[in-house]
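Visitor: I am new to reading protein models, and I would like to look at one slowly with you. Could you show it to me before I ask anything?

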Amino acid sequence: MSGARSGGAGRWLARLLNPRPPAARRSSGTQTRTIANVQVEKPRPLSTQRVGDDLSRRGYRFRIDDDGDVTGTWDGNRFWFLLLGEHDEILQVRGRWAGTLPAGARLAVLQAANDWNRERIWPKVYTREEAAGLALYAEVSVDFEHGATEDQLAQTVSCGLVTASQFFSTVASLAPPSDTEPDAGPDGPTK
């Protein structure tokens with residue numbers, strides 16, 4: 001491979017890994033160094049306050065529950081923003097689908113969850129048996145042992161909300177009609 005091609009590939013990779021244009025360049029002999037006059041945010045520990053601040057900046061409504069967790073409703077589905085781990089270093093965005101499915105649908109639900117988890121990175125989805133039937137959950141968890149920047153925190157919150165909402169929307173479009181619909185009698189919907 002020629003030096004010109006190698007340098008081109010190196011520049012392409014550098015742009016891919018650092019998409020910001022360099023603020024200044026300085027030559028020293030045959031080497032070129034990039035000196036960026038860019039302020040870099042240092043990662044800070046996670047906190048409930050930081051999660052709440054991120055949601056407030058977006059104009060989202062939320063509350064702090066009795067356990068001290070941030071919670072709210074998006075598209076009718078309940079979400080929690082949990083700080084887990086020994087030092088609250090793991091941010092988990094957990095959502096619960098507003099609907100439930102009958103216990104008899106367990107095998108189909110497990111297959112659908114398995115398919116989703118196999119074909120997608122986020123969110124992890126699973127079912128849990130609850131009093132009203134099978135509940136569906138979605139989670140995105142990220143370990144920020146060394147802290148998180150505001151951008152990292154915002155990306156994790158967005159990823160959790162968007163991907164879980166996509167899953168819940170998919171499930172809602174495939175779920176059988178609820179027995180609580182006004183036109184559903186004991187023998188099913190009337191015509």
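Visitor: Which helices each supply at least two residues of the lining of the second largest pocket, and which gives the most?
Guide: This is a predicted model, in which local features need pLDDT of at least 70 and side-chain atom pairs count only at pLDDT 80 or more, while totals for chains, interfaces and linings use all residues. Residues are numbered from 1 along each chain as its sequence is written, and side-chain values use heavy atoms, with hydrogens and water left out. Helix 3 (106-119) and helix 4 (150-174) each supply at least two lining residues, helices being DSSP runs of H or I with at least four residues, numbered from the N terminus. The one that gives the most, with 6 residues, is helix 3.

Visitor: How do the residues of that lining divide into nonpolar, polar and charged?
Guide: Ala, Val, Leu, Ile, Met, Phe, Trp, Tyr, Cys and Pro count as nonpolar, Asp, Glu, Lys and Arg as charged, and the others, Gly among them, as polar. By that rule, the lining of the second largest pocket divides into 14 nonpolar, 1 polar and 2 charged.

Visitor: In strand 6, what is the bridge partner of Phe81?
Guide: Strands are DSSP runs of E with at least two residues, and two of them pair if DSSP finds at least two bridges between them. Strand 5 (residues 77-84) pairs with strand 4 (residues 70-74) in the antiparallel sense over 5 bridges, and Phe81 in strand 5 is the bridge partner of Val70. Strand 5 and strand 6 (residues 90-96) also pair in the antiparallel sense, over 7 bridges. In strand 6, the bridge partner of Phe81 is Val93.
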